[in-house]
Amino acid sequence: MISEKLKKGHLLIAEPSIIGDLSFNRSVILLADHNKEGSIGFIINKPLKYTINDLIPEIEASFKIYNGGPVEQDNLYFIHNIPELIPNSVEISNGIYWGGDFESTKDLINDGSINKNNIRFFLGYTGWDENQLESEMQGNSWIIADNNYKNKIIGKSTTHFWKEQIIELGGDYLIWSNAPENPYLN
């Protein structure tokens, strides 16, 4: 499950030691891009109280919006698994695509061609400058995992996703699977 080298498509699982950081405590991030200039990802397990219709009233759907990360939270981003329907998408990996023609996307959602298992919307993203993510990895902030869900991760339930990932890691991580979100309040 654990790989040695960062690459787009991997999952970054927040170490249990990240406590008190509202964005990253118990986060699972899909790494959307990773190169020598930096990295970009989307937190996939932090739904907000908004739906796509709340933000864009002409879209007649109630797809949840997720907190993608602390960068550019006034911008809407999306990933999907239907590149044949959404032109100008960029493949992340494993049949997961980032962005594409938004006007076509709105029309496809409204006519029922796209459902919540095909697309996920985010306010903001997570970004790292050159070598910043590697530095955080050396500081034991993140655990790298392969995305075994491939493009099905888009429809994956998020309520207990971090806990599920920690249980899969096993070993010393198992004790953290049932710990409260803030152990100091225990």
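**Exercise 1. The largest nonpolar core**

Find which residues of the largest nonpolar core touch the most other members, and which element gives the most to this core.

Solution. Step 1: in this predicted model, the largest nonpolar core has 34 residues. Those that touch the most other members are Leu-11, Leu-12, Ile-44, Ile-79, Leu-133 and Trp-142. Step 2: list the elements that each supply at least two residues; among them are E1, E2, strand E3 (38-43), helix H3 (132-138) and helix H4 (161-169). Step 3: E2 gives the most, five residues. Step 4: another core, of 15 residues, lies apart from this one and includes Ile-59, Ile-82, Ile-114 and Ile-119.

**Exercise 2. Ser-27**

Locate Ser-27, decide whether Ser-27 counts as buried or exposed, and name residues in contact with Ser-27.

Solution. Step 1: Ser-27 sits in the loop between strand E1 (11-14) and strand E2 (28-35). Step 2: the cut-off for buried is under 20% relative accessible area. Ser-27 counts as buried because its relative accessibility is 0%. Step 3: leaving aside neighbours within four places in sequence, the contacts of Ser-27 include Leu-12, Ile-13, Asn-45, Trp-142 and Trp-162.

**Exercise 3. The largest pocket**

Describe the volume and the lining of the largest pocket.

Solution. Step 1: the volume is about 250 Å³. Step 2: 14 residues line the pocket, and Lys-64, Tyr-66, Lys-116, Arg-120 and Ile-154 are the closest to its centre. Step 3: strand E5 (64-67) and E9 are the elements that give two or more residues to the lining; the largest share, three residues, comes from E9. Step 4: sorted by class, the lining has five nonpolar, five polar and four charged residues.

Terms used. Residues numbered from 1 in each chain as written. Predicted model: local features only at pLDDT ≥ 70, side-chain atom pairs only at ≥ 80, totals over all residues. Heavy atoms only, no water. Helix = DSSP H or I, 4+ residues; strand = E, 2+ residues; numbered from the N terminus. Buried < 20%, exposed > 50% of the residue type's maximum accessible area, 1.4 Å probe, protein only. Contact = heavy atoms within 4.5 Å. Core = buried A, V, L, I, M, F, W, Y, C linked by side-chain atoms within 4.5 Å. 1 Å grid on protein atoms, 1.4 Å probe; cavity = no way out; pocket = protein on both sides within 12 Å on 5 of 7 lines; lining within 4 Å. Points joined across faces, edges and corners; volume = space filled by probe spheres on them. Nonpolar A, V, L, I, M, F, W, Y, C, P; charged D, E, K, R; others polar.
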